[in-house]
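Please read this briefing alongside the sequence and the 3D model.

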Amino acid sequence: MNDLRRELIAKACAMQPAGLNKGTSGNLSVRCGDDFLITPTGLPYAALSLDDIPLMALDGSWQGPRKPSSEWRFHRDLYASRPEVGAVLHAHSPFAVSLACLRREIPPFHYMIARFGGTTIRCADYAIFGSEALSTVALQAMHERKACLLANHGLLVAGRDLDEAFALAVELEELCEQYWRACQLGAPILLDAAEMAAVLEQFKGYGQQ
C-alpha cells in the first residue's frame, strides 16, 4: 500500500508542473483493493508524507490522521459504479476552467475527442463542490466517457491507473486550449457523426493493447 501512496504523491506533485493546478486545488485518488487512497484536503502536495494519505472505504469512512479531499464523493461513486476505473483526477486547469465557466461542452472539433470515449466532452451541470449533488451530475456527464468538465469548476478524468488518469488530464487540458484558441478565429469546423464513428472504431485498436 505504501508503494501506491508514493506513486499517488508523485503524481500529485507532477500536476502543477504539468499546468493542471496551483496551490492545493484539485485532487487525485487510486483504487486500493476494495478501497481507495486519496489526497487529503488543504495540504500542499510537495509537503505530503505517506501517513498523510487517507485510505477510504466505499461507505465514506477513512483511516488515517488527515481528512480526505472534500471531493471524495465523486471519486467514491466512480469506483463503486465503474469497475474498470483505477484512478481519478480532478483539476482546476486554466483552459478547462474557462470552458467550464461558459458551461460549454467540447464538440468534435478534433478527432482526439474520441480518446475520451465519445463524440463530445460533456459539461456537467453546476453543483456546489464536495456535495453529493456534484457527484450525481458528474457521473451523468461521465456516462460511457473517461472525462467531463464540471460547470464553473474544472475537469474530471477517470483512468485505468494513475498513469492513464494523469495522461488523460494533460490531454484534456490541451484540447481545451486548442478549442479555445480555434474559437478566437471563428467557429471551428466540426467532424460529422460518420467521421467520429470511424475514429471511435479506429481507437478500439489504437496503441499498445
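The points below are grouped by topic, after a note on the model and its numbering.

The model is predicted, so local features are given only at pLDDT of at least 70 and side-chain atom pairs only at pLDDT 80 or more, while totals for chains, interfaces and linings use all residues. Numbering starts from 1 along each chain as its sequence is written, and side-chain values use heavy atoms, without hydrogens or water. Helices (H or I, at least four residues) and strands (E, at least two) are DSSP runs numbered from the N terminus.

**The sheet**

- Eight strands make an open sheet of mixed pairing, in the order β4-β3-β2-β1-β5-β8-β7-β6; two strands count as paired if DSSP finds at least two bridges between them.
- The edges are β4 (62–63) and β6 (123–124); each has a single partner strand, so one side of each has no neighbour in the sheet.
- β6 and β7 run parallel to each other and are joined by two bridges.
- C123 is bridged to L149 of β7, and A124 is bridged to L150 of β7.
- β7 is covered on both faces, with A147 and L149 buried on one side and C148 and L150 buried on the other. Buried means under 20% relative accessible area, exposed means over 50%, and partly exposed lies in between (1.4 Å probe, protein chains only).

**Helices on the sheet**

- Helix α2 (residues 72–81) lies across β1, β2 (35–38), β3 (55–56), β5, β7 and β8, at about 30° to β1. Such angles run from 0 to 180 degrees between N-to-C directions, with axes fitted to C-alpha atoms, for helices over the stretch in contact.
- Helix α5 lies across β1, β5, β7 and β8, at about 145° to β8.

**Helix α5**

- At its start, a side-chain oxygen of D161 comes within 3.3 Å of the backbone nitrogen of D163.
- After α5 comes G186, with a positive phi near 145°.
- The buried residues of α5 include L162, F166, L172, C176 and Y179, as well as E164, E171 and E173.
- Among the elements covering these buried residues are α1 (2–15), β1 (27–32), β5 (87–91), α3 (94–101), β7 (147–150) and β8 (154–159).

**Nonpolar cores**

- The largest nonpolar core has 45 residues, and those with the most contacts inside it are L89, I106, L149, L155, V157, L172 and C176. A nonpolar core is a set of buried Ala, Val, Leu, Ile, Met, Phe, Trp, Tyr and Cys residues joined through side-chain atoms within 4.5 Å.
- At least two residues of this core come from each of α1, β1, β5, α3, β7, β8, α5 and α6 (193–203).
- α5 gives the largest share of this core, nine residues.
- Another core of 20 residues lies apart from it and includes V88, A127, A141 and L156.
- Leaving aside residues up to four places away in sequence, L89 touches residues including M15, L28, L155, V157, F166 and A169; contact means heavy atoms within 4.5 Å.

**Positive phi in loops**

- E144, in the loop between α4 (132–141) and β7, has a positive phi near 55° and is not a glycine. E144 is exposed, with a relative accessible area of 60%.
- N152, in the loop between β7 and β8, is also not a glycine and has a positive phi of about 55°. N152 is partly exposed, with a relative accessible area of 34%.

Definitions and conventions:
A polar contact is a pair of N or O atoms within 3.5 Å; within protein, one must be able to donate a hydrogen and the other to accept it, and residues adjacent in sequence count only if both atoms are side-chain atoms.
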